[in-house]
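Here is a brief structural report on one protein chain. It goes from the overall build to single side chains.

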Amino acid sequence: CILAVFALILVCSSKANAGSVTLSLSQNTLKNVDDSAGRWQYEGGSVFFNKSQIANYAVTRRVTYGGTDAQNTAMLTMTIFLIGENPPQCITLQGSHDFSSGKYIGSVSAASSALSSLIGATFSGSTATDTLTITW
């Protein structure tokens, strides 16, 4: 079961036991939607651990004209939906995305019950390398 693998990697390594996991992201879609206040960017795809798909993900990025555009950055929200249960176990990451480098950082802001010990863990990633690292 994919949830069991992911849970073993993440949940069994509680905050008392520092650790990290690096995941690979494979983008399936990327759409920009402009409005009078800025731009929404929507991305979706698959999440892999050791070349096995364990989840799907959805990302929203928000550029606000007169705010985040001066730094070429965006507010970022990513939710990872683990394969194996309906509804799926999930974690939500929130932070910032730098369009110049493709790098993003932040923390886990919410999680379903099986992954709740990850709330507060930090993350970093890069669209240039299609990687996401969660550190607890």
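## Basis and overall build

Helices (H or I, at least four residues) and strands (E, at least two) are DSSP runs, numbered from the N terminus.

The model is predicted: local features need pLDDT of at least 70, side-chain atom pairs count only at pLDDT 80 or more, and totals for chains, interfaces and linings use all residues. Residues are numbered from 1 along each chain as its sequence is written, and side-chain values use heavy atoms, with hydrogens and water left out.

## Surface, burial and contacts

Accessible areas come from the Shrake-Rupley method with a 1.4 Å probe; for residues, only the protein chains shown count as cover. The chain exposes about 6900 Å² of accessible surface. Carbon and sulfur atoms hold 54% of that surface. A residue is buried under 20% relative accessible area, exposed over 50%, and partly exposed in between (1.4 Å probe, protein chains only). The chain has 136 residues, and 36% of them count as buried.

A contact means heavy atoms within 4.5 Å. Take the contacts with a separation of 6 or more: 41% of them join residues 24 or more positions apart.

## Salt bridges

A salt bridge is a side-chain nitrogen of Lys or Arg within 4 Å of a carboxyl oxygen of Asp or Glu. The whole structure has three salt bridges. One joins R39 and D34, at 2.6 Å from N to O. R39 is partly exposed at 33% relative accessibility. D34 is also partly exposed, at 46%.

R62 and D35 form another bridge, at 3.1 Å from N to O. R62 sits in strand β3 (residues 52-64) and D35 in strand β1, so this bridge ties together parts 27 residues apart in sequence. R62 is buried at 9% relative accessibility, whereas D35 is partly exposed at 32%. R61 pairs with E43, with the closest N and O atoms 2.7 Å apart. R61 lies in strand β3 and E43 in strand β2 (residues 38-49), so the bridge ties together parts 18 residues apart in sequence. R61 is buried at 3% relative accessibility, and E43 is buried at 10%.

## Aromatic pairs

Rings of Phe, Tyr and Trp (its six-membered ring) pair if their centres lie within 6.5 Å; planes under 30 degrees apart count as stacked, over 60 as edge-to-face and the rest as tilted. This rule gives two aromatic pairs. The ring centres of W40 and Y42 are 6.2 Å apart and the planes meet at 20°, so this pair is stacked. W40 is partly exposed, at 31% relative accessible area. Y42 is partly exposed too, at 36%.

Y104 and F123 make a tilted pair, with 6.2 Å between centres and 50° between planes. Y104 belongs to strand β6 (residues 103-111) and F123 to strand β7 (residues 122-126), so the pair links distant parts of the chain, 19 residues apart. Y104 is buried, with a relative accessible area of 4%. F123 is buried as well, at 4%.

## A nonpolar surface patch

Patches are made of residues with over 30% relative accessible area and no salt bridge: like charges are joined within 9 Å, nonpolar side chains (Val, Leu, Ile, Met, Phe, Trp, Tyr) within 5 Å. V33, W40 and Y42 form a nonpolar patch on the surface. Together they have about 250 Å² of accessible area. V33 lies in strand β1 (residues 20-35). It is partly exposed, at 41% relative accessible area.

## Two further sites

What surrounds T92? Leaving out residues up to four places away in sequence, T92 touches T77, M78, T79, S107, V108, S109 and A110. T92 lies in strand β5 (residues 90-98) and is buried at 16% relative accessibility. Its side chain makes a polar contact with the side chain of T79 (3.1 Å). A polar contact is a pair of N or O atoms within 3.5 Å; within protein, one must be able to donate a hydrogen and the other to accept it, and residues adjacent in sequence count only if both atoms are side-chain atoms.

A128 is in the loop between β7 and β8 (131-135). It is exposed, with a relative accessible area of 63%. A128 and G102 are 26 residues apart in sequence, yet their C-alpha atoms are 5.8 Å apart in space.
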